[in-house]
Each structure stands twice: as structure tokens, then as C-alpha cells.
Amino acid sequence: MSDHIGACKARWGIGRMQYIVPPGLYAVGEPEPASPVLVTANYKMSYDIVRSSLAGRNIWLLVLETFGVNVWCAAGKGSFGTDELVERIEKSGLSQVVEHRRLMMPILGAPGVSAHLVAQRSGFTVRYATIRAADIPEYLDNGMVTTEAMSTMKFSFYDRLVLIPVELVMALKPTAAVVIVLFVAGLLAGGLQAGLQLSLIWSGAVLAGVVIGPLLLPWLPGRSFAVKGAIAGLLFSMPWYLIADGMSWGLPETVALFLTVSAVSGFYTLNFTGCTTYTSPSGVRKEMRLALPVMACALLLSGLLLLVGLLA
Amino acid sequence: MSVEEKLMKNFRYLKDVATIELNQSACVGCGRCLEVCPHHVFLLQGTKAVITDRDACMECGACQKNCPVNAIIVDAGVGCASGMINRWLQEHKLKKAGDGCCCS
């Protein structure tokens, strides 16, 4: 239960970086010298998921020091890597505990580990087992053979949903700053209602990009995240436009609303590439090179349009 | 195929951007790249690996890191937009180093 509360807090970014388990060798159930060894990271959420997936089994768990970062991100940064693995094998005295020389690794740890170098340096052979910890029992029952489903990346609605809270928290500070500036600007230029409207529109655009874009990811058209996010922003603007009686607005304000919301929403959905399981850095770089200037121009233009509308 | 799996087929990122290259003459056909690739970019044809789905590559670098004969080259990295912006800001001295992003 306390693990659930802890996981929930970590999802919202509360004490996330202190959410760790000491590295070393752990026993799940009552493992023997012949029992298999599974390697994981010392992010407490990874460790808890692995442990609960393995309930009822007898397995050694070798937890690497990744400073509280999950396997995938730690492998990308190198802390879940060959050096740490070889060192942890030595420090934990693994070769005295088990009689075999085999390690089961999460497939998503592979970007950090060179299996052939681990074998050379430690004598342990590495088998990349599954992507998800939940598939480990089935992998064991399957005679330690990986099926296609076990090695296929999924990115379900739920997978995306649990990533959103921490993204919201990350977006909170810059959004609050912008909203305050917009509110004051609107207040000075057009009174309380204008100030409220501007801040609401900006907050809504951020929400569209952080929540709607990622959740509707497979259904939003195109491959580009910036485009998907811009469309999520437009989807959000429509009801807003109707509720706020947009028909009565002037053309400059209307164009400014749609430009701002799609640019801001597009930016935040593009930011979600950092959380996905299929976007390549080359792709993100290409998108940013194209999209960031367009977004900046859209915001600038919106500001000018609002000024024009104000003076007209 | 479940609904989720069908949707996963829709999870395709931009075309023709992945930098992955496989030097087939060096390949020893050990199959390690097939084992580590989470997007099934490779197939084994006879005693050689081939790239059959380049656009599915997310440049994680797992294949390069685990190829025992260094037959694979990919410009690997973490595809994180805020990370890239942070790095850019740091390089241009607009922000101090160490301000983390999502998974730092």
C-alpha cells in the first residue's frame, strides 16, 4: 500500500529524485545458487514493479546504481551501463552466490550495456529478456525464450496517461509566469475580463498540449508531434470559441486566439517526444528546427494582431 | 492483433530521418541486434542481418552498443525536446548547466 502511495506521489513529481533503493543483490522469494539473476535499476518504481511481477518466484535481483532513474533513461545516459554492471557484479559477490554465469536483462537497458564486453570483463553472459517486467514470469515459463510480444514496444493509453501528471508539474512554473504577465497586460489594456480571458486561453493551450495531445496521440493526424499538438490546440479552441461568444470578436482577436493556442499546444506536445517510446533524436531535431521558428512567429503575430485589434 | 497493437502500428515517427547504417560485410550474423531492438528494425537473412524497417528506428543505440564487430553505426541519443532546448541554452550560455529535464 505504501508503495502505491509512493508511486502516486512520484508520478506527480513529489520527492521523485529521492525515490530510490540502495543498489546491490536482492532475493525475491527463496532463490538458490541455480536460480536466475535479473538486473534492474534503483528507481524505486522500477524495483517495485519488478518485485511484484515476480511474486511467488525465486529469483536473484541485481539492482544497479542509476541514481533513482529508470532503466530506459539511465541506459540512455549511461549510468545503467557496462561499467556499473561489471562493478556491481564484483561488489555484490554475485559469482560466489550463484553457480551459473547468466544474467537476464531488460531489453530497454540495452542502449547502455555492451553484452560482449560484460562477458569479457565479468564472465557473465547477458540475455536480453523482455521489455516489460510483467512479462518476465512468462519468459521464464517459456524456457527463457523471448516471444515477439515480449520484445515489442507498446505505448497504450494508460502508459501515456500515467506520464501526464509529472509533465503537468514540469509545465506549471513557466505557465504560471506567463499567465501572470498576460493577466496584467490584459488588465491594463482591456480590463479584468480581457486579463482573465488571456490567462485562461494560455493555460488552456498548455493543457491541450500536455494532456489532449499525448492522450489522443495515435488518433491525431500526421507524424509530426508539433502538428499533432497544434491540432489538439485547435480542437480545444473550438468549444472555447463558441462558449466565449467568439462570433462577436473582431477578426484580429479570432486569428490571434487560434494562432496562439495551436503554437503553445504544439510546443508542449512536441515536448512529449521525450516521454515516448518511438521518437528518434534526429526526428525531434528536424521537427524543432522547423517548428520552433514557426511557433515563435505565430506568437509574435498574435501579439501584433491583439495590438491592432486594440487600436482599431 | 489487439486494438493496442494495431494502434502501435500507427506510432510511426518521421520518415527518412533515422541515421542507422549497417555494414553487412562486417556482420557475423550473431543476431544480437534483433535481440535488443525494441522496434524490430532488423531481420536475419541467412548469416547476415539486414535493416528491413529503417523508419521504425528511434536511434536508441542498443544495436550499436551490442554489436560485437562494430558493424552498426547510429547517431544515438535521447530524443527529448526539452533536453535539446536545455543543451542549446547551456551551449549559448543562456542557462547554467545542471538544470535537469524530465529524466535527468
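The side chains of A:R57 and A:D141 form a salt bridge with an N to O distance of 2.9 Å, a salt bridge being a side-chain nitrogen of Lys or Arg within 4 Å of a carboxyl oxygen of Asp or Glu. This pair joins distant parts of the chain, 84 residues apart: A:R57 lies in the loop between α2 and β3 (59–64) of chain A, and A:D141 in helix α7 (residues 136–141) of chain A. Helices (H or I, at least four residues) and strands (E, at least two) are DSSP runs, numbered from the N terminus. A:R57 counts as partly exposed because its relative accessibility is 24%, whereas A:D141, at 57%, counts as exposed. The classes are buried under 20% relative accessible area, exposed over 50% and partly exposed in between (1.4 Å probe, protein chains only).

The model is predicted: local features need pLDDT of at least 70, side-chain atom pairs count only at pLDDT 80 or more, and totals for chains, interfaces and linings use all residues. Residues are numbered from 1 along each chain as its sequence is written, chains are lettered from A and ligands numbered from 1 in the order in which they are written, and side-chain values use heavy atoms, with hydrogens and water left out.

**Salt bridges**

Over all chains, the whole structure holds 12 salt bridges.

| Pair | Closest N and O atoms |
|---|---|
| A:R51 and A:D48 | 3.4 Å |
| A:R285 and B:D75 | 4.0 Å |

A:R51 and A:D48 are both part of helix α2 (residues 44–53) of chain A, where they stand 3 residues apart, about one turn of the helix. A:D48 counts as buried because its relative accessibility is 12%, while A:R51 is partly exposed at 34%.

**The interface between the chains**

Contact (heavy atoms within 4.5 Å) involves 41 residues of chain B and 54 residues of chain A. Together the two chains bury about 4200 Å², of which 63% is on carbon and sulfur atoms; buried area is the accessible area (1.4 Å probe) that two parts lose on being put together, summed over both.

The count of salt bridges between chain B and chain A is 2. One of them is the bridge between B:D75 and A:R285. It runs from the loop between β4 (72–73) and α4 of chain B, which holds B:D75, to helix α13 (residues 281–311) of chain A, which holds A:R285. B:D75 is partly exposed at 41% relative accessibility, and A:R285 is also partly exposed, at 33%.

**Nonpolar cores**

A nonpolar core is a set of buried Ala, Val, Leu, Ile, Met, Phe, Trp, Tyr and Cys residues joined through side-chain atoms within 4.5 Å. The largest such core has 49 residues, and A:F80, A:L85, A:L103 and A:Y128 have the most contacts inside it. Helix α3 (residues 71–77) of chain A supplies the largest share of this core, 4 residues. A second, separate core has 20 residues, among them A:F155, A:A226, A:Y278 and A:M295.
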